[in-house]
Structures are given as C-alpha cells and as structure tokens.
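Please keep the sequence and the structure in view while reading.

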Amino acid sequence: EVPYDIDDDDWSFKNSEEYHHTTNAAECAVGSGKVEIVKSLKLKPDSVQARALLERAGWSPSKELTQVLVAMLPDKNLNISERGSCPALESLVKKSRAVNFGQYSSEIEDTKAIECMEALLNAGARWNPEPDGLRYIRRSLLEHDALYVVRVMRLLLYTPGAADPKLILELCRTPKFRQ
C-alpha cells in the first residue's frame, strides 16, 4: 500500500484505524481505465481482491476492463452479496450522473456504464439490492435522462434471471419514476 495522494506524506496515522487514504498498483491501474496497464501487471487476485477491483472499475466504466476483471475471478462467481447479488452491478445501477470533469461527456459515461452492465449480466451477474435501498437507487437513476433509465430497466428485466421483476416494479412505483 502507498498513499492515495502524492502529496500525502503524513504517514503518522499509517497504522491507525482512522487512516484509510491508501491505494495499491492494481487499484491505480483499474482506476486509469486502461486495459493495457491492468494486463501488464499480470494480476492474480484472489476472489475478494478481484471483486473489489471489479467494483472499483465501475467508477470509470469500461466494458473491456470489466471483461478482463471478470475473467480474473478465480471462482467465476460475481453474485457474492448475502442476497446473491453482484455488488459491482448494484454499484453501476445506482451510479449517479457524473459531474463532468473528465474526458468524456455524461452521455458517453452513461453509454459506458450500460456496456459494463451488459458485460456483467452476460457473465451471470444478478441484481438484487436491499429493498431499503431502492429509494436511493431511484433517486440516482432520476439524475439521468429517460433513455438511460429505460435502457437500465430493460437490461434488468429482459436478461433472464438478472433481477426479480417484483424489485423492478417496486423501483418503478413512484409517479415521477414511471413518467
């Protein structure tokens, strides 16, 4: 582990429980969004590490990177939550609309997120979030344009076994969301 920020040279808290500002080469490579860098590291993560990297990849979605990380999963099991759901897919579905400081427009970011969802669903990911979290997911989805929301709902509904239709109906129950 190394400091998360290059200016973060105060390691006096390194061993303290309050210090959580570290990263490692794998996280930095995934954060770059560049598949070539991730491949060049020749990572051999255990299941927990691979899933953490996969969830981290959702911050800056890339279909190719998602596919590489899914292939790294030693047990090929994406659905590891206590509800049999894929945390990376849950994270992508509830992803708020990006405040665009990056190199891509919001529309391109949305397209990349949809492509990542498709890649995860094609690999067998399931979406089964906590029912109590649906209002937050709904709120995040409403930050996007209507076409994006429809694409996400279609993916979850029409991919066999991806989601319980009752959850989708509950997500869509508010008048504003249905509109």
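Helices here are DSSP runs (H or I) of at least four residues, numbered from the N terminus. The model is a predicted one. With that numbering, asparagine 79 belongs to the loop that runs between α4 (63-72) and α5 (87-93). The loop between α4 and α5 also holds arginine 83 and lysine 76.

**Asparagine 79**

- Asparagine 79 has a relative accessibility of 18% and counts as buried, because buried means under 20%.
- A polar atom of the asparagine 79 side chain lies 2.7 Å from the backbone nitrogen of arginine 126.
- The side chain of asparagine 79 also reaches the backbone nitrogen of cysteine 86, at 3.5 Å.
- Leaving aside residues up to four places away in sequence, asparagine 79 touches Gly84, Ser85, Cys86, Gly124, Ala125 and Arg126.

**Salt bridges around arginine 83**

- Five salt bridges are found in a search of the whole structure.
- Arginine 83 and glutamate 82 pair through their side chains, with an N to O distance of 3.0 Å.
- Glutamate 90 forms a salt bridge with arginine 83 as well, at 2.8 Å from N to O.
- In the salt bridge between arginine 83 and glutamate 130, the closest N and O atoms are 3.2 Å apart.
- Glutamate 130 sits in the loop between α6 (106-122) and α7 (134-141) and arginine 83 in the loop between α4 and α5, so this pair ties together parts that are 47 residues apart in sequence.
- Through shared partners, the salt bridges join Glu82, Arg83, Glu90 and Glu130 into one network.

**Exposure of the network residues**

- Glutamate 82, with a relative accessible area of 70%, is exposed.

**Packing of α4 and α6**

- Two packed helices are described by the angle between their axes and the distance between the axes.
- The axes of α4 and α6 come within 8 Å of each other and cross at roughly 25°.
- α4 and α6 therefore count as roughly parallel to each other, because that class takes angles under 35 degrees.
- The crossing of α4 past α6 is right-handed.
- On the α4 side, the contact is made by Lys63, Thr66, Gln67 and Val70.
- On the α6 side, the contact is made by Glu115, Cys116, Ala119 and Leu120.

- Which value does phi take at lysine 42? Phi of lysine 42 is near 50°, a positive value in a residue other than glycine.
- Lysine 42 is placed in the loop between α2 (35-40) and α3 (47-57).
- With a relative accessible area of 67%, lysine 42 is exposed.
- Lysine 76 is not a glycine either, and its phi is positive, at about 60°.
- Lysine 76 lies in the loop between α4 and α5 and counts as exposed, at 54% relative accessibility.

Definitions and conventions: Residues numbered from 1 in each chain as written. Predicted model: local features only at pLDDT ≥ 70, side-chain atom pairs only at ≥ 80, totals over all residues. Heavy atoms only, no water. Helix = DSSP H or I, 4+ residues; strand = E, 2+ residues; numbered from the N terminus. Buried < 20%, exposed > 50% of the residue type's maximum accessible area, 1.4 Å probe, protein only. Polar contact = N/O pair within 3.5 Å; in protein donor to acceptor, adjacent residues only side chain to side chain. Contact = heavy atoms within 4.5 Å. Salt bridge = Lys/Arg side-chain N within 4 Å of Asp/Glu carboxyl O. Axes fitted to C-alpha atoms, helices over the stretch in contact; angles between N-to-C directions. Parallel < 35°, antiparallel > 145°, perpendicular 65-115°, else oblique. Left-handed = near helix turned anticlockwise from the far one by under 90°.
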